[in-house]
Amino acid sequence: MATVRGLKCRECGRPYPADPLHVCEFCFGPLEVDYDYDRLRGTLTRKAIESGPPSIWRYRALLPIEGDPAVGLHCGMTPLVRAKNLARALGMREVYVKNDTVNHPSFSFKDRVVAVAITKALEFDFKVVACASTGNLANAVAAHAAEGGLQSFVFMPADLEQGKVIGTLIYSPTLVAVEGNYDEVNRLCSEVADKYRWAFVNINIRPYYAEGSKTFGYEIAEQLGWRTPQHIVVPAAGGSLVIKIWKGLKEFERLGLLSGPCATRMHLAQAEGCGPIVTAIKENSEIIKPVKPRTIAKSLAIGNPADGYYAYKVVKGSGGHGEHASDDEIVEGMKLLASTEGIFAETAGGVTVAAAKRLIEQGRIPRDESLVLCITGNGLKTQEAVAPSLKVSLQIKPTLRSFDESMTSHGIEVTPRNLS
Ligand SMILES: *Cc1c(COP(=O)(O)O)cnc(C)c1O
Ligand SMILES: [Zn+2]
């Protein structure tokens with residue numbers, strides 16, 4: 001059931017048809033998908049959603065596609081893990097990890113946005129899709145384009161991690177490595193998009209693409225038993241994910257799907273070396289000052305975030321805050337999540353854990369309140385970040401004696417807990 005009324009300017013409210021457009025001709029504000037919520041109220045019930053497929057498409061009535069989903073049928077419904085060990089380590093009572101390290105098919109939350117964008121590109125009858133990427137979007141676009149039988153062009157900074165490069169090339173796109181940072185890649189892509197009439201998922205298809213991120217929020221609420229947590233910590237690059245999680249929770253509230261009101265505080269996590277939105281939050285300034293990225297969290301390395309202002313508004317409006325994470329804290333955060341919960345997240349996950357830790361220590365996230373951490377990408381793609389700080393525990397000859405000697409010389413003891 002299509003409930004899309006069209007597009008609408010976020011600034012002046014002018015309506016537009018549901019075409020491949022992304023900016024308002026009058027005020028240059030961003031366009032957003034507009035739904036007929038009155039029609040959904042009462043028909044989109046918890047039961048209707050629960051009887052849907054175990055994927056993002058169970059929320060299809062709130063996604064901007066007209067026909068059936070064309071790609072990404074197994075995307076979404078990733079685990080919401082009750083993270084008891086991590087909670088203990090953080091001194092918290094109730095912590096959950098929304099684990100998109102295992103999202104399908106390309107192991108990051110970007111599969112959500114791209115499954116929607118590529119389905120929409122096929123509905124618009126585009127033959128070529130493209131994107132500017134910090135890595136995960138490249139993986140997701142190349143994978144879904146392959147599935148949808150579309151040609152794809154992927155533009156990325158030339159210095160990305162090997163896991164992101166190989167994890168894109170394997171799908172046979174045209175990968176363009178640009179000698180510059182993401183902001184330069186993005187500027188170039190605006191020119192390319194003007195000249196070549198392709199479906200650029202984060203340019204002319206952006207209003208549709210961005211809606212896919214709402215499913216991250218829908219799933220958190222549904223998996224918590226149709227309620228929302230008191231706090232969510234979200235990593236930000238361009239700032240779209242945090243806005244859309246919030247939009248998703250508010251839509252559920254408006255449609256009467258939640259047990260109570262949504263009083264969630266949205267907190268933002270960015271790296272110290274590229275944290276312009278968090279800096280603005282700390283300074284109480286609506287003006288996001290662009291920065292030159294210098295961080296190991298390359299997937300979040302956007303110095304001039306397109307949705308920075310709106311992300312700022314969501315965080316402030318919800319009563320949340322923001323924190324930075326240094327490169328060392330990012331690595332520590334990745335190790336903490338892995339050693340407590342058995343979840344290997346990429347650098348962005350380290351940013352989220354580290355920022356949450358700071359916010360807890362500051363009392364911004366009280367220890368007796370519920371917290372969801374958004375873990376958005378898989379650690380196998382950013383091994384360079386942790387490799388220097390990890391080493392093989394023991395190297396031995398294939399004999400029991402060599403093993404015993406090595407255990408003794410390294411002072412490794414077997415604790416009773418490990419024995420049981
Ligand atoms: C893209 C990305 C983000 C941030 O998304 P925005 O919507 O641009 O803020 C977070 N985590 C990972 C792993 C990403 O790839
Ligand atoms: Zn406008």
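Biologist: Hi! Which residues of helix 10 meet helix 12, and which ones do they meet there?

Modeller: Hello! This is a predicted model. In it, Val 242, Ile 243 and Trp 246 of helix 10 meet Tyr 310, Ala 311, Val 314 and Val 315 of helix 12.

Biologist: How does that contact of helix 10 with helix 12 divide by class?

Modeller: It has seven nonpolar residues, with no polar and no charged ones.

Biologist: And at what angle do the axes of the two helices cross?

Modeller: The axes of helix 10 (residues 240-254) and helix 12 (residues 308-317) cross at roughly 45° and come within 8 Å. That angle makes helix 10 oblique to helix 12.

Biologist: Left-handed or right-handed, the way helix 10 passes helix 12?

Modeller: The crossing is left-handed.

Biologist: Okay, changing topic to the metal. Which protein donors does the zinc ion (ligand 2) have?

Modeller: The SG atoms of Cys 9, Cys 12, Cys 24 and Cys 27 are its protein donors, and they lie 2.2 to 2.3 Å from the zinc ion. Along the chain, these donors follow the spacing C-x2-C-x11-C-x2-C.

Biologist: Where do Cys 12 and Cys 24 sit in the chain?

Modeller: Cys 12 is in the loop between strand 1 (4-9) and strand 2 (15-16), while Cys 24 is in the loop between strand 2 and strand 3 (31-35). The pair is 12 residues apart and links distant parts of the chain.

Biologist: Why is the arrangement around the zinc ion (ligand 2) called tetrahedral?

Modeller: Because the four donor atoms subtend angles of 97 to 120° around the zinc ion, and four donors count as tetrahedral if all angles lie between 85 and 135 degrees.

Biologist: Nice. Back to helices: how do helix 13 and helix 14 pack?

Modeller: Helix 13 (residues 327-341) packs on helix 14 (residues 347-361) at an angle of about 95°, and their axes are 7 Å apart. The two are therefore roughly perpendicular to each other.

Biologist: Which residues make that contact?

Modeller: Among them are Glu 329, Ile 330 and Met 334 of helix 13, and Val 351, Ala 354 and Arg 358 of helix 14. By class, the contact of helix 13 with helix 14 has seven nonpolar, three polar and two charged residues.

Biologist: Last one: what about helix 4 and helix 5?

Modeller: Helix 4 (residues 110-123) and helix 5 (residues 136-148) pack at about 40°, with axes 9 Å apart. This makes helix 4 oblique to helix 5. Helix 4 passes helix 5 in a right-handed crossing.

How values were computed:
Residues are numbered from 1 along each chain as its sequence is written. Chains are lettered from A and ligands numbered from 1 in the order in which they are written. This is a predicted model: local features need pLDDT of at least 70, side-chain atom pairs count only at pLDDT 80 or more; totals for chains, interfaces and linings use all residues. Side-chain values use heavy atoms; hydrogens and water are left out. Axes are lines fitted to C-alpha atoms, for helices over the stretch in contact, and angles run from 0 to 180 degrees between N-to-C directions. Helices (H or I, at least four residues) and strands (E, at least two) are DSSP runs, numbered from the N terminus. Angles under 35 degrees count as roughly parallel, over 145 as roughly antiparallel, 65 to 115 as roughly perpendicular and the rest as oblique. A crossing is left-handed if the near helix is turned anticlockwise from the far one by less than a right angle, and right-handed if clockwise. Contact means heavy atoms within 4.5 Å. Ala, Val, Leu, Ile, Met, Phe, Trp, Tyr, Cys and Pro count as nonpolar, Asp, Glu, Lys and Arg as charged, and the others, Gly among them, as polar. Donors are N, O and S atoms within 2.8 Å of the metal (3.2 Å for Na, K and Ca); water is not among the atoms, so sites may look incomplete. Four donors count as tetrahedral if all angles lie between 85 and 135 degrees; four count as square planar and six as octahedral if opposite donors are over 155 degrees apart and all others between 65 and 115; anything else is irregular.
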